[in-house]
Amino acid sequence: MNNKLILSCLLTALPLVTYSQTNFIIIFTDDQGYQDIGCYGSPLINTPNLDKMASDGLKLNSFYVSSSVSSASRAGLLTGQLNTRNGVKGVYWPDSKGLPTEKVTIAEALKTKGYATGCFGKWHLGDLEGNMPTDQGFDYYYGIPYSNDMYIGYTHKFANNCTFRENYNLEKAIKDQEKVKVTKNKAQLKKDLNYASPLFENKEVVEYPCDQATTTYRYFNKAMEFIGENKEKPFFVYLTPAMPHVPLYVSEQFKGKSKRGLYGDAVEEIDWNVGRLMEYLDKEGLSENTVVIFSSDNGPWLGMKENGGSALPLRDGKFSAYEGGVRTPCIIKWKNNIPQGKVSDNIIASIDIYPTLLDLAGIDKSAYDLDGTSLKDFILNPDNVKPRDEYIYVKDGKVMGIRKNEWVYLPQTGKRFTPKGNYEQELFNIKSDIGQKSNIISQNQEKLMEMKKLLDSKLHK
């Protein structure tokens, strides 16, 4: 019997749940760099609400996502598995199958305990029938199912009450779909269709083209509506703004507000909406029973220059296996449960969130095939608990290196070749060299052999 069938049986026999369980909200932004929050050192972006969230809770300085690109990163978070095993290696385009259907998401696991589950924003794990959020454990979905610089899929269905904008009607929208079906050049499609993205509710397009300047506000609104409708039972909200991914959009309220240009405007709008959400939880008396986790799916898109973010003081950004690609900001708040104002340098990973939520929900995590480790004891006592001391770097579904305490070994990340035609190996001490500027292999041959042996043991497990 496969995992999905077992879950189906569990859900069918599910008893009524008395509401005493912990709620969960994950806010996962898009391409927001390590430095792009005030409390992480941004000199020009004002984020008072995220800063307050950190001062009221726990700020993680060494939080790693499972990949430096969107689809793979989201798969790691939602499956609790490394991208060597979860079936997602890169980025999905419209009309894609996506995350293998046999994978059990956090949402599916939490539903066995009676949780209401909602996904709001970017999904990016497949948009064909069987691969949408409502096929993967979510009761409700509202958002653009992939990156906001893509285009409508030719398989997408329009709702009877679909709102058409920018001189569109159903006939013109269908012509876009016909063009997508016959055109193989993705870059040409993006240009020709001018980022005309479809906004979905569950499995149907309800707005085309989507008014992206209002999506951040609407996603948070829909999430709060969902919470209000389900506050008498436990809930899991997965809230994934499209911003600050390029192309950047902001509402009139935030346009030109930031000293960091349009990119800063987009981040500051997210921050304002985080503040609205926190106020709503307080008003509804839900703050003490709700864990809120804020992070970004990967590092900043540096090639977009002023429209991209910053990972300083880390090296590189999106697409890279260096720290700037996979180390992102992360803040966790759980009022009166997590100690206030804590900052941790412990290695923490996005794949650890899945087992943590299961632990907090009272679900036996040993029944699930997970690579992460539970953070339950750590978040309650961050000064005295060390969840892990190592982490494996994965890119394109392949192991690229390993971190052990302050040491990072990357056997093939370097772009330069040795005289023998092999990739240059790299070894860094990121405690003394957080920017990974100095490859210190030649001075540390003993440490190199130790790290090689450690990585080899992981590869042959």
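Reader: How many disulfides does the structure hold?
Author: The structure holds 0 disulfides, a disulfide being a pair of cysteine sulfur atoms within 2.5 Å. This is a predicted model, in which local features need pLDDT of at least 70 and side-chain atom pairs count only at pLDDT 80 or more, while totals for chains, interfaces and linings use all residues. Residues are numbered from 1 along each chain as its sequence is written, and side-chain values use heavy atoms, with hydrogens and water left out.

Reader: Next topic: where is T117?
Author: T117 is in strand β3, residues 116–121. Helices (H or I, at least four residues) and strands (E, at least two) are DSSP runs, numbered from the N terminus. T117 counts as buried, with 0% relative accessibility.

Reader: What lies 2.7 Å from a polar atom of its side chain?
Author: The backbone oxygen of G137 does. G137 is also among the residues that T117 touches beyond four places in sequence, including F138, D139 and Y140; contact means heavy atoms within 4.5 Å.

Reader: What about I351: is it buried or exposed?
Author: I351 is buried, with a relative accessible area of 2%. I351 lies in the loop between β11 (342–349) and α10 (353–361).

Reader: How far apart are I351 and Q81?
Author: They are 270 residues apart in sequence, yet 6.0 Å apart in space, C-alpha to C-alpha. Q81 is one of the contacts of I351 beyond four places in sequence, which also include G80, L82 and Y391.

Reader: Finally, at what angle do α2 and α8 pack?
Author: Helix α2 (residues 48–56) and helix α8 (residues 261–283) pack at about 50 degrees, with their axes 7 Å apart. Axes are lines fitted to C-alpha atoms, for helices over the stretch in contact, and angles run from 0 to 180 degrees between N-to-C directions.

Reader: Which residues make the contact?
Author: P48, N49, L50 and M53 of α2 meet D271, W272, V274, G275 and M278 of α8.

Definitions and conventions. Buried means under 20% relative accessible area, exposed over 50%, partly exposed in between (1.4 Å probe, protein chains only). A polar contact is a pair of N or O atoms within 3.5 Å; within protein, one must be able to donate a hydrogen and the other to accept it, and residues adjacent in sequence count only if both atoms are side-chain atoms.
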